[in-house]
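Visitor: I would like to learn how to read a protein model. Please show it to me and begin with a place where two parts meet.

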Amino acid sequence: MSPMPAQATQSAAYESLPTPAPIAMPVQSLREGRLDRRALSTTPARIGWRRFYMIGGTIALTALAAWQMWRVLRVDGLQVLEGALLLLFVFLFAWVAQSLLGALAGFVLLLARGPGRLGIDPSQPLPVLGARTALLMPTYNEDPHRLMAGLQAIYESVRDTGQLQCFDFFILSDTTRAEIAEGEIAEFHALLERTGGQSRIFYRRRADNSERKAGNIAEWVRRFGAAYPHMLILDADSLMTGDTIVRLAAAIETHADVGLIQSLPVIVGGTSLFARMQQFSGRVYGPVIAHGVAWWHGAESNYWGHNAIIRTRAFAECTGLPRLPGKKPFGGHVLSHDFVEAALMRRGGWALHMVPTLHGSYEEGPPSLTDLLVRDRRWCQGNLQHAAVLPARGLHWVNRWHFMIGIGHYFTAPMWAMLMLVGIGIPLEQAGIDPNGGALASFSPAAYWRSLDPERIVWLFVATMGALFAPKILGYLAMLLDPAQRRGCGGALRAFVSMLLESVLAALMAPIVMFVQSRGVAEVLAGRDSGWESQRRDDGTLPLSALLKSYGGLSLFGLFAGVVALFVSPSLAAWMSPVILGLVLAIPIVALTSARTPGQWLRERKLLNIPEETDPPPILVRATTLRRQSA
């Protein structure tokens, strides 16, 4: 396939592309459709029992906890507030119970160290490919030199497998800033010179970036999809080894009914304290969660939008996204498109699998809590938008479960806040409100709840906290039992200190996240759109003025709540102190965790360490070297 000459079609577009090979990608209907092939050849054996363990176990644990909570609340009679507390408790306990059961399953699988799914075994020689795969890297206002350096590292790693002839590489730009677009084109040509990849590396900048990333990928599929049986979707910060890419391509080539295989990306490259927290938690806690999820999802796994290989025909046939009815933020084009694309592919009879045992897939995390919350606000709108997709005809129930989990995630923040407030409101109502404060001088929520049923309330608290922290503890134990990972995390003691440090910092940030996520849900419900902003990759710091603007109100609110609580009673202030402390210290917490200096100080002491820092894979070393070179 010979490339067309580079041409500037207009000031806003630029192309250097191969000969078109169009394929139809019809827009799908959410009102019509049926599930094709309920049973698939790659569905794991006894998948029904796995799902019974997860769903049935969650129901059983939640029912037991709800019964115990009801027995506590009925002591003083079940009034309106007690009923509200019970409902909130049931939902939130079910949430953590499902996480607990998934982590337990993942922990057992990690200990068993069984064979990889779909015949993927990294210990075996690389298979020989027979089909072509396109690697697609969408970009939106990213640093051009950094972007092309990462792509070059991937290209070279694929070349080293000896099967480069089976792969082409596409940079699909949606960049809107003229100076960045000019830099992309210059860096693209420099990349061609460095690699000699003129017949394998292509670039296109859209003049109209409608439908964001989903529209970017769909435009490529409709123009070139017929030439490539498979496509591997990357993000601008993605890195994948050639070995991993070849094994993914071989697996989807071998299994005719598989439409998508999702790898488990490891977060790497963090320099700030916050970024290193994220990559430590992802590396230590993530595997037990991912193995559990892959185990019970089976052939109905989800799609995270990147670092996954997709059968192009399946994608084209099934995932033409419709515009949702109504105005923004609920209407318009689909924002969190990956979940919807996965559901539509499964409706079309294609299997989707996640393979957490396959290493060599990497991404970067946000450098600060601020950047995470900005991205999270966009995801909040996208997930709440799925309420319009949830009743679509013909979807598999597991895909509907994915949608409900995504929607529910953003309601947990306001529900935790309401649970805390109701937990204070009930004893306040019982104590009575005295304008002079005399009757409340000795008010204590802890004493009130202990007075109802001391033993049962303690066990409920222990059970809830245990379920909440179980994935971390199980992840730590699994890490200890893997000598290479244990050494990579700094050893058992340093990893334990790192887990404590990460947990303390996460607890301090939790009230900030709870407030911002609750505000995000309210904004979406009120009709406010999230917009589309480019992401920062390295530096997460903000000037004091920006910190004051973003978090000053939060700190003042926390200070006001603390003063009021202390005025009511010292016991109430102590009860609320974890939340109040996180709010009052919002500015210094965000400033500290966004900075590189504390992150590097901890790295020098091998705290919050991950194996990819201790012994970096060659592709990470190569990408870092290329990115440090002058553009």
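Guide: Leu273, Phe274, Met277, Phe280 and Ser281 of helix α7 meet Ala495, Ser498, Met499, Glu502, Leu505, Ala506 and Met509 of helix α16. Contact here means heavy atoms within 4.5 Å. By class, this contact of α7 with α16 has nine nonpolar, two polar and one charged residues. Ala, Val, Leu, Ile, Met, Phe, Trp, Tyr, Cys and Pro count as nonpolar, Asp, Glu, Lys and Arg as charged, and the others, Gly among them, as polar.

Visitor: What should I know about the model and its labels?

Guide: The model is predicted: local features need pLDDT of at least 70, side-chain atom pairs count only at pLDDT 80 or more, and totals for chains, interfaces and linings use all residues. Residues are numbered from 1 along each chain as its sequence is written, and side-chain values use heavy atoms, with hydrogens and water left out. Helices (H or I, at least four residues) and strands (E, at least two) are DSSP runs, numbered from the N terminus.

Visitor: At what angle do α7 and α16 pack, and how far apart are their axes?

Guide: Two packed helices are described by the angle between their axes and the distance between the axes. For helix α7 (residues 273-284) and helix α16 (residues 492-525), the angle is about 120 degrees and the axes are 10 Å apart. Axes are lines fitted to C-alpha atoms, for helices over the stretch in contact, and angles run from 0 to 180 degrees between N-to-C directions. The crossing of α7 and α16 is left-handed; that is, the near helix is turned anticlockwise from the far one by less than a right angle, while clockwise would be right-handed.

Visitor: At what angle do α1 and α14 cross?

Guide: Helix α1 (residues 47-73) and helix α14 (residues 454-480) cross at roughly 145 degrees, and their axes come within 10 Å. This crossing of α1 and α14 is left-handed. Ala65, Gln68, Met69, Arg71 and Val72 of α1 make the contact with Arg456, Ile457 and Leu460 of α14. The residues of this contact of α1 with α14 divide into five nonpolar, one polar and two charged.

Visitor: Which residues of helix α13 are buried?

Guide: Buried means under 20% relative accessible area, exposed over 50%, and partly exposed in between (1.4 Å probe, protein chains only). In helix α13 (residues 445-452), Pro445, Tyr448, Trp449 and Leu452 are buried. Seen down the axis of α13, these buried residues fall within an arc of 90 degrees, so they line one face of the helix. The arc is that of the directions from the helix axis to the C-beta atoms. An α-helix has 3.6 residues a turn, so residues three or four places apart point the same way.

Visitor: How many residues does the largest nonpolar core have?

Guide: A nonpolar core is a set of buried Ala, Val, Leu, Ile, Met, Phe, Trp, Tyr and Cys residues joined through side-chain atoms within 4.5 Å. The largest one here has 52 residues, and Ile154, Phe167, Phe169, Ile201 and Ile261 have the most contacts inside it. Helix α3 (residues 144-159) gives the largest share of this core, eight residues. Leaving out residues up to four places away in sequence, isoleucine 154 touches Leu135, Met137, Phe169, Leu234, Ser238, Leu239, Met240, Ile245 and Ile619.

Visitor: Is histidine 337 buried or exposed?

Guide: Histidine 337 is buried, with a relative accessible area of 10%. Histidine 337 is found in helix α10 (residues 337-347). Residues up to four places away in sequence aside, histidine 337 touches Lys213, Ala214 and Leu321.

Visitor: How do I compare sequence with space?

Guide: Methionine 418 and alanine 84 are 334 residues apart along the chain, and their C-alpha atoms are separated by 9.2 Å. Methionine 418 lies in helix α12 (residues 397-431) and, at 40% relative accessibility, counts as partly exposed. Histidine 337 and tyrosine 476 are 139 residues apart in sequence and 33 Å apart in space, C-alpha to C-alpha.

Visitor: What about the backbone itself?

Guide: Look at its torsion angles. A cis peptide bond joins lysine 328 and proline 329, with omega about 10 degrees. Proline 329 is in the loop between α9 (312-318) and α10. Asparagine 307 is not a glycine, yet has a positive phi of about 55 degrees. Asparagine 307 sits in the loop between α8 (286-297) and β10 (308-311) and, at 0% relative accessibility, counts as buried.
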